[in-house]
Structures are given as C-alpha cells and as structure tokens.
Amino acid sequence: RDREHGKSMPSGDSASCAFMMIWLYLIFGTPYPLLVILPLTMCGRVYVFCHWFGDTLFGAIIGIGCGTFFYQQMETIGMPLFDVIMKF
C-alpha cells in the first residue's frame, strides 16, 4: 500500500480488467476470461500490497456494472457500426 500514492479505493486495475472481461463475455459468450483473468488480476494487486481485497472487489463490481451499461448502450445506439466492424 506504500507503492500506491493517494487513495486505493476502488482499484482501477480491477475495474478496467473487469470492464474488458465483461465485454469479452457479452460479445463472444465465453465466461472463461472473466472467471480466470479477473480473479488473477485482483489477487495480483493484493499480492504486491497495492490494494486490500475489498478495494479490488469493489473495483471489479464497478467495472462489471459500467461494462454492462455501456454494452447495452452500444447495442441500442451503435449496433450498425459494430456489425460493420465485426464483418472484417
């Protein structure tokens, strides 16, 4: 916790990892990155003494919530562009 300067709540690393993993789950339907990479990221932040477990858990909840919300918005607003990109 000495390595991080400022407040450590919530963990931005866990939030960004959760955001990306939930997008992989929602787009491709595979839960394995969400179930493997996210916990490893969370444990890694605790292991190097940058965060407490609660910090990483709260960051992951925020990331999953934001990822789900923005995916729903992408589905309603940006789906035509997304379809064009996925065809390539």
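Thr56 has a relative accessibility of 0% and therefore counts as buried, where buried means under 20% relative accessible area, exposed over 50%, and partly exposed in between (1.4 Å probe, protein chains only). The model is a predicted one, in which local features need pLDDT of at least 70 and side-chain atom pairs count only at pLDDT 80 or more, while totals for chains, interfaces and linings use all residues. Residues are numbered from 1 along each chain as its sequence is written, and side-chain values use heavy atoms, with hydrogens and water left out.

Thr56 lies in helix α3, which covers residues 53-77; helices (H or I, at least four residues) and strands (E, at least two) are DSSP runs, numbered from the N terminus. Leaving aside residues up to four places away in sequence, Thr56 touches Ser11, Ser14, Met42, Arg45, Val46 and His51, a contact being heavy atoms within 4.5 Å.

Turning to the whole chain, the protein has four helices and zero strands, in the order α-α-α-α along the sequence. Among contacts with a separation of 6 or more, 74% join residues 24 or more positions apart. Of the 88 residues, 28% count as buried. The accessible surface comes to about 6100 Å², and carbon and sulfur atoms hold 72% of it; these areas come from the Shrake-Rupley method with a 1.4 Å probe, and for residues only the protein chains shown count as cover.

Finally, the cysteines. Cys17 counts as buried because its relative accessibility is 10%, whereas Cys43, at 48%, counts as partly exposed. The count of disulfides (pairs of cysteine sulfur atoms within 2.5 Å) is zero.
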